[in-house]
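Here is a quick tour of a few spots worth a look. Have the sequence and the structure open side by side as you read.

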Amino acid sequence: MFQQYCNTRFFKGLMWISVCVLSVLVIAARHHYTVDVVIAWYTVPMVWYLYLYHYPDPLPGSGFPDSIKPEDPKDKDSI
């Protein structure tokens, strides 16, 4: 996700380093097995890319797709 919405290389690198460190800390704290963390490294990006493939962001930066954009009161028909 941060690869798509982050603009600077510094923040991308910082995020990847933090993901690696947190993965090691989760394994070291024995909250998950190593296999769980390795599988998560493959499945989470795959699910995210499949989601973006099937439901692309039509207006990057707007936060709202066209179908759920708030209505403008000026666009309503007068009764």
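## Helix α2 and what comes after

Keep in mind that this is a predicted model. Helix α2 covers residues 9–28. With its 20 residues, α2 reaches 29 Å from first C-alpha to last, close to the 28 Å expected at 1.5 Å a residue. After α2 comes arginine 30, and its phi is positive, near 60°.

## Serine 23

Serine 23 sits in α2. Is serine 23 buried or exposed? Its relative accessible area is 14%, which is under the 20% cut-off, so serine 23 counts as buried. Setting aside neighbours within four places in sequence, serine 23 is in contact with Val37 and Trp41.

## Aromatic pairs

How many aromatic pairs are there? The count comes to three. One of them joins phenylalanine 10 and phenylalanine 11: the ring centres are 5.4 Å apart and the planes sit at 65°, making the pair edge-to-face. As for accessibility, phenylalanine 10 is exposed at 59% relative accessible area, while phenylalanine 11 is partly exposed at 43%.

Tryptophan 48 and tyrosine 51 make a pair too, with centres 5.9 Å apart. Their planes are at 35°, so this pair is tilted. Both residues belong to helix α3 (residues 34–54), and because they are three residues apart there, about one helical turn separates them. Tryptophan 48 is partly exposed, with a relative accessible area of 25%, and tyrosine 51 is partly exposed as well, at 44%.

Notes. Residues numbered from 1 in each chain as written. Predicted model: local features only at pLDDT ≥ 70, side-chain atom pairs only at ≥ 80, totals over all residues. Heavy atoms only, no water. Helix = DSSP H or I, 4+ residues; strand = E, 2+ residues; numbered from the N terminus. Buried < 20%, exposed > 50% of the residue type's maximum accessible area, 1.4 Å probe, protein only. Contact = heavy atoms within 4.5 Å. Expected span 1.5 Å × (residues − 1). Phe/Tyr/Trp six-rings, centres within 6.5 Å; stacked < 30°, edge-to-face > 60°.
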